[in-house]
Amino acid sequence: PLDPWNVFLKSPRRLLFTVAPGAFGWSPDEDRLSVNRQLGGTGIQTFELWDLAQTNPVQPIWSLSDATWMSTRVRFSDDGSSYLFAGVRNVNQITLNVVDVPTRALHASTFPVGTLPSDIDTDLPENLGAPSNPGIAGWGWGPDATRFTYSWRTGTSPDEFAQTLVNVRT
């Protein structure tokens, strides 16, 4: 196994936390850090979003903890001001959290999907045209990262879906 990584604050220099290699990701502007921590072999995970542009970050601005996830994805908007967590906890139940970093506003939703087993990897290049069974039909931000839209399968046929448009700041 690889050694854990230490994340330090630059000024004043202090250890913020330790994280496993590959269990974190930077926003495009490199001011935010997404972290996935596993609780020692239990399968229970905690996801955190840290805003390192703050003067003295001592706690994450968003977290989702104490859950076992079958599949998860995290994404940042192109400008890094909005963050998406998507996870499948039960076979056909998806949880979405969208965080607006400047205001700390949160859109949280959990919903069942009509395809079994559901897959949330629809935006990965290797799934385009692949024989997958996506639960999420699509997601993405508008030109302004305060707008986020997603759609999901509500039934087993390709034309059974619902969609939601979110103003993340409200």
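Predicted model: local features only at pLDDT ≥ 70, side-chain atom pairs only at ≥ 80, totals over all residues.
Me: Is Trp-69 buried or exposed?
Reply: The relative accessible area of Trp-69 is 8%. Buried means under 20% relative accessible area. Trp-69 therefore counts as buried.

Me: What is the order of the strands in the open sheet of four strands?
Reply: The pairing in this sheet is antiparallel. Strand 3 (24-26) and strand 6 (62-67) each pair on one side only, and they are the edge strands. Neighbouring strands are turned by 10° against each other on average, direction ignored. The order is 3-4-5-6.

Me: Over how many bridges do strand 4 and strand 5 pair?
Reply: Strand 4 covers residues 32-38 and strand 5 covers residues 45-51. Asn-36 stands opposite Phe-47 in strand 5. The two strands pair in the antiparallel sense, and the number of bridges is seven.

Me: Is the aromatic pair of Phe-47 and Phe-85 stacked, edge-to-face or tilted?
Reply: The count of aromatic pairs comes to seven. In the pair of Phe-47 and Phe-85, the ring centres are 4.9 Å apart and the angle between the planes is 55°. Planes under 30 degrees apart count as stacked, over 60 as edge-to-face and the rest as tilted. The pair is therefore tilted.

Me: How many residues apart in sequence are the parts that the pair of Phe-47 and Phe-85 ties together?
Reply: Phe-47 is buried, and so is Phe-85. Because Phe-47 lies in strand 5 and Phe-85 in strand 8 (residues 82-90), the pair ties together parts whose separation in sequence is 38 residues.

Me: Which residues do ring pairs link into a cluster?
Reply: Phe-47 and Phe-85, the tilted pair, are both members of this cluster. The complete membership is Phe-47, Trp-62, Phe-76, Tyr-83 and Phe-85.

Me: Are the rings of Phe-111 and Tyr-150 stacked, edge-to-face or tilted?
Reply: Phe-111 is in strand 10 (residues 105-112) and Tyr-150 is in strand 12 (residues 147-153), 39 residues apart. Both Phe-111 and Tyr-150 are buried. Their ring centres are 5.8 Å apart and their planes stand at 15°, so the pair is stacked.

Me: Which side chain does a polar contact of 2.8 Å join to that of Asp-100?
Reply: Asp-100 is found in strand 9 (residues 93-100). At 0% relative accessibility, Asp-100 counts as buried. Leaving aside neighbours within four places in sequence, its contacts include Ser-81, Ala-105, Thr-146 and Val-168. The side chain joined to Asp-100 by the polar contact of 2.8 Å is that of Arg-169.

Me: Is Phe-161 buried, partly exposed or exposed?
Reply: Phe-161 is found in strand 13 (residues 161-167), and its relative accessible area is 45%. Buried means under 20% and exposed means over 50%. Phe-161 falls in between and is therefore partly exposed.

Me: How far apart in space are Phe-161 and Ser-151, C-alpha to C-alpha?
Reply: Leaving aside neighbours within four places in sequence, Phe-161 is in contact with Ser-151, Trp-152, Arg-153 and Thr-154. Phe-161 and Ser-151 are ten residues apart in sequence, and their C-alpha to C-alpha distance is 6.7 Å.

Note on methods: Residues numbered from 1 in each chain as written. Heavy atoms only, no water. Pairing = 2+ DSSP bridges. Axes fitted to C-alpha atoms, helices over the stretch in contact; angles between N-to-C directions. Buried < 20%, exposed > 50% of the residue type's maximum accessible area, 1.4 Å probe, protein only. Phe/Tyr/Trp six-rings, centres within 6.5 Å; stacked < 30°, edge-to-face > 60°. Polar contact = N/O pair within 3.5 Å; in protein donor to acceptor, adjacent residues only side chain to side chain. Contact = heavy atoms within 4.5 Å.
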